[in-house]
Amino acid sequence: MKTARTAIATLVGAAWLSACVAAPEEAPLGAPGPVNAAIDGVVDDGAFPFLYVRVERLDGSLVYERSAANPDFAAAAPTGETWMRLWSMTKTVTIAAILSLEEDGVLSRTDPVTDYIPEFAGLRVLGAEGEAACDAPLRAPRRAMTIEDLLNHTDGFYYPFTGYDCLDEAMRAARLPEAASSEDAIARISGLALHPGGLGEYNYGIGTLVLGLVAERATGMAFDAVVEAHITAPLGLTETLRYTLPEGVETAPQMVGADGALRLARPGELDIFGGPVPDYAADTRVFLAGEGMVGTPEGYTAFLRMMGNLGALGGARLLEEDTVRDWYAPKTQLDSPYGHNGFNIWVTSGQFDDLPDQKPGLLVGGGYEGTAFWIDMDAGYVGLIMSQVLGPATGGVDEVSRLRGLIYEHILEPGAQP
């Protein structure tokens with residue numbers, strides 16, 4: 001990076017995670033039978049319409065692959081070439097592009113967002129917390145919003161699940177996926193109040209979407225072109241990781257299971273934006289940098305291997321090693337017993353509620369409809385557990401974490417203690 005490291009990254013750093021990422025020692029693999037049975041079981045029981053699981057080493061060699069589909073809900077089991085909606089797994093690609101722009105000197109994480117989006121100069125913060133918050137006058141932010149706030153979700157933005165009716169209703173009414181242009185999206189966002197926690201408090205939300213708008217203003221390019229120039233073209237992934245679906249390709253139907261049984265989603269039920277969702281059409285002009293990509297498991301796994309290899313893949317170096325180490329160094333949630341957050345990537349402590357403890361130090365992330373990934377910087381693995389369902393009918397069990405734990409217990413590190 002051409003800019004200074006943050007103090008927290010230097011203090012708590014990544015030495016315990018990735019001292020020897022380049023050439024991890026390959027341990028003998030175990031038997032996949034119990035994992036196969038667990039995957040098949042949750043699909044046959046109707047918790048997921050389908051599951052696709054893939055694990056690779058950092059050199060791209062396939063370690064494990066399993067696909068299962070319930071014929072009542074899925075026409076066929078997916079493959080590594082099946083197109084899926086990525087939702088918040090888009091954020092990781094966006095952050096890679098932003099960090100690349102920073103290395104190139106196009107922008108800096110310390111820059112005020114209003115340097116690029118002056119329309120945000122009028123943003124105001126909900127003036128109180130608690131039951132009376134929506135009746136209180138709005139207040140000015142106590143400091144400038146920076147690009148680093150957008151990277152950390154400390155920007156005051158949110159999704160419409162805050163519990164503050166005025167914020168949730170305004171976000172739903174903004175209907176961001178329906179914006180006609182980036183300028184229209186900026187205008188819609190400019191009309192939102194920020195979370196009462198204000199700048200500096202973690203609130204997961206549309207900050208990464210805003211990062212894409214910042215990048216467009218900084219480069220003069222549409223954000224899909226920024227991603228292509230900095231990420232997908234150098235990695236050879238332009239045909240497997242993108243914002244629009246190839247001609248004639250459709251993704252799986254939208255399914256929900258939050259009420260205890262799988263069924264087709266009703267119109268508008270995928271409510272992360274209050275009803276409208278990305279359409280991935282060829283004429284898309286607003287690229288939702290936090291939510292809007294589609295891709296194949298093979299394509300996304302290759303992207304993960306770039307990060308696992310500290311910024312390089314197949315002879316192409318996208319990011320400097322120190323940039324990647326800083327990416328997952330502790331930034332927020334530092335008091336959590338379950339791990340910490342880097343720039344929108346969670347580093348696990350190994351502790352889980354209602355599950356046996358698992359291997360610590362995994363870099364994990366996921367998306368709105370049952371898409372999930374992890375990177376094992378220590379042993380040199382990347383993995384995906386993919387479906388397309390909002391609220392799988394699992395009875396509250398974190399099946400993704402459970403399955404990942406079983407993969408380590410029975411295949412990757414049989415006999416190892418967490």
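Reply: Happy to. The axes here are lines fitted to C-alpha atoms, for helices over the stretch in contact, and angles run from 0 to 180 degrees between N-to-C directions. This is a predicted model, in which local features need pLDDT of at least 70 and side-chain atom pairs count only at pLDDT 80 or more, while totals for chains, interfaces and linings use all residues. Residues are numbered from 1 along each chain as its sequence is written, and side-chain values use heavy atoms, with hydrogens and water left out.

Let's start with helix 6 (residues 182-190) and helix 7 (residues 207-219), whose axes come within 11 Å and cross at roughly 130° (helices are DSSP runs of H or I with at least four residues, numbered from the N terminus). The two are therefore oblique to each other (under 35 degrees is roughly parallel, over 145 roughly antiparallel, 65 to 115 roughly perpendicular and the rest oblique). Helix 6 passes helix 7 in a left-handed crossing, that is, with the near helix turned anticlockwise from the far one by less than a right angle. On the helix 6 side, the contact (heavy atoms within 4.5 Å) uses S182, E183, I186 and I189, and they meet L209, V210, L213, E216 and R217 of helix 7. By class, this contact has five nonpolar, one polar and three charged residues (Asp, Glu, Lys and Arg count as charged; Ala, Val, Leu, Ile, Met, Phe, Trp, Tyr, Cys and Pro as nonpolar; the others, Gly among them, as polar).

Now for helix 3, which has two partners to look at here. With helix 8 (residues 223-235), the axes come within 9 Å and the crossing is at roughly 75°, so helix 3 and helix 8 are roughly perpendicular to each other. Helix 3 brings V93, T94, A96, A97, S100 and L101 to this meeting, and helix 8 answers with F223, V226, V227, H230 and I231. Sorted by class, those residues are eight nonpolar and three polar, with no charged ones.

The other partner is helix 9 (residues 297-308): its axis and that of helix 3 (residues 89-103) come within 12 Å and cross at roughly 45°. That angle makes helix 3 oblique to helix 9, and their crossing is left-handed. From helix 3, M89, T92, V93 and A96 take part, facing Y300, F303 and M306 of helix 9. The tally for this contact is six nonpolar residues, one polar and no charged.
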